[in-house]
Amino acid sequence: MLTIHQAQTPKKQATATTGLAIAGGGPVGAIYELGALRALDESIDGLKLHELDVYVGVSSGALIAASLANGISTVEMCRIFTGQEYASIRFDPESLMRPAFKEYLERASMLPAVLSKALLKMFRHPGSSNISELVSQLGKVIPSGVFDNQAIHDFLEQAFRVSGHSNEFDDLKCALYIVAVDLDSGAAVRFGSKAHRDVSIARAVQASAALPGLYPPVEIDGHYYVDGALRRTLHASVALNEGVDLLIGINPLVPFDSGEKGLNAEVSDQRLNLGGLPLILSQTFRALIQSRMEAGFRKYYSSHPFADLLLLEPHRKDEEIFFTNIFSYHSRNALCEHSYQVTRKDLLARHKELSEVLEKRGLSLKLDLLRDKERTLADSIGESRSSHASVARSLSRVLDDLDEQLEDRKAS
């Protein structure tokens, strides 16, 4: 679903700037975002999503934002995350599900001291102590995260190294902000800002994606950080405050509408309830996220009237996104293809309004490409250039760079 809000007030600055704000959404959200971003990237003549002015990333969206800011194209990211054999590096989604053994051991080592202290207090003051207090004390030894998020850091660090890009904010040609939340203060922290640039990009992304309960908080300079989505969904104001006059936002988390008129006629309004606690929690979380997102965007209309706003989200009745098992290889690729195709349809359906926004910046929609009903994501990322050899992979990247240079020449 594409939402377009055109600027109400002309921008005073002569130079146009473009920003991209990417929300979180776990592995499913990231794959949706990749398919949507690839469709957007190839469909707008003159726009390259890895050459924008400002990037803001939250949670899993931080990984994508950091990669784009480092010059890694949507083509290469789709190749990596859909497991193409000629991608520059291999991505293993199961690495995100490795148990946090270190966290388990550290918490377990606390058990004797916590238990003995709690029992001793109960014996000394039986009238003032109870079972609920004992349970509360034992809560200290429960692991703060189920899975080890070090894999997120290691993957991104490797991706930058293999592709010849930097893991430092100071080396970037654009502005990159990775948002996390300081666990002890509850304050949102923008890694990449002047006060928070000494951390590596990979570590900042790991902190931003540390969803409480799933991943342990990440320690940086004595502070512990968790998922940046706990404060806001997109943090798009970070880019708007930088003077961006075209903001592209992408949010994969919308509540699912399982009513009778859904995409599948067999879906009933009881389906989520029958799915048990995981689906109920997912729907609840999505509804909260969507409510905050809509409220935030409405504020931007008045607080930043000079900016054109484009927002990409899944359709409310799109059950393929809501019910996908992202840790299945087939599902991962199918979801990315689905997101790519749905976004193409949205862009074509709103092409008149979208063209008005783009033409102000010398950009245009590739309508012939959008009307090609046979085009697939595989076509878009060049699946035919397949090889196991590293030399062939390097050649593939050189050809991609050459394509971009030729496009630049045509534009000039």
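Reader: Let's start with S5 and S6. In which sense do these strands pair, and over how many bridges?

Author: They pair in the antiparallel sense, over 4 bridges. Keep in mind that this is a predicted model. To place the pairing on the residues, look at Val181, which stands opposite Ala188 in S6. S6 itself covers residues 188–191.

Reader: What sits between the two strands of that hairpin, and which residue there takes a positive phi?

Author: There are 5 residues between the strands, and Gly186 takes a positive phi near 75°.

Reader: Which other strands does S5 join?

Author: Strand S4, residues 54–58, runs parallel to S5, and 5 bridges join the two. On that side, Val56 stands opposite Tyr177. Strand S8, residues 223–227, runs antiparallel to S5, with 3 bridges. Here Val181 turns up again, standing opposite Val226 in S8.

Reader: How should I read the two sides of a strand?

Author: The general idea is that side chains in a regular strand alternate between the two faces of the sheet. Now take S10, residues 308–312, where 5 of 5 residues are buried. On one side are Asp308, Leu310 and Leu312, on the other Leu309 and Leu311, and both faces are covered.

Reader: Which strands pair with S10?

Author: Strand S1, residues 2–5, pairs with S10 in the antiparallel sense over 4 bridges, and His5 stands opposite Leu309. Strand S9, residues 246–250, pairs with S10 in the parallel sense over 5 bridges, with Ile248 opposite Leu310.

Reader: Where do I find Ser59 and Asp221?

Author: Ser59 is in the loop between S4 and helix H2. Asp221 is in the loop between strand S7 and S8.

Reader: And is each of them buried or exposed?

Author: Ser59 has a relative accessible area of 7%, so it counts as buried. Asp221 counts as exposed because its relative accessibility is 71%.

Reader: Now the surface. Which residues gather in the patch of positive charge?

Author: Arg190, Arg231, Arg232 and Lys299. Take Arg231 as the example: this residue sits in the loop between S8 and helix H8. Its relative accessible area is 44%, so Arg231 is partly exposed.

Reader: Which residues make the nonpolar surface patch?

Author: Leu277, Ile280 and Leu281 make a patch of about 280 Å². Ile280 lies in helix H10, residues 277–303. With 36% relative accessibility, Ile280 counts as partly exposed.

Reader: One last thing: how far apart are the C-alpha atoms of Phe81 and Arg332?

Author: They are separated by 8.2 Å, although the two residues are 251 residues apart along the chain. Phe81 belongs to helix H3, residues 74–81. Its relative accessible area is 9%, so Phe81 is buried.

Notes. Residues are numbered from 1 along each chain as its sequence is written. This is a predicted model: local features need pLDDT of at least 70, side-chain atom pairs count only at pLDDT 80 or more; totals for chains, interfaces and linings use all residues. Side-chain values use heavy atoms; hydrogens and water are left out. Two strands pair if DSSP finds at least two bridges between them. Patches are made of residues with over 30% relative accessible area and no salt bridge: like charges are joined within 9 Å, nonpolar side chains (Val, Leu, Ile, Met, Phe, Trp, Tyr) within 5 Å. Accessible areas come from the Shrake-Rupley method with a 1.4 Å probe; for residues, only the protein chains shown count as cover. A salt bridge is a side-chain nitrogen of Lys or Arg within 4 Å of a carboxyl oxygen of Asp or Glu. Lys and Arg count as positive and Asp and Glu as negative; His and the chain ends are not counted. The place of a charge is taken as NZ of Lys, CZ of Arg, CG of Asp or CD of Glu. Buried means under 20% relative accessible area, exposed over 50%, partly exposed in between (1.4 Å probe, protein chains only).
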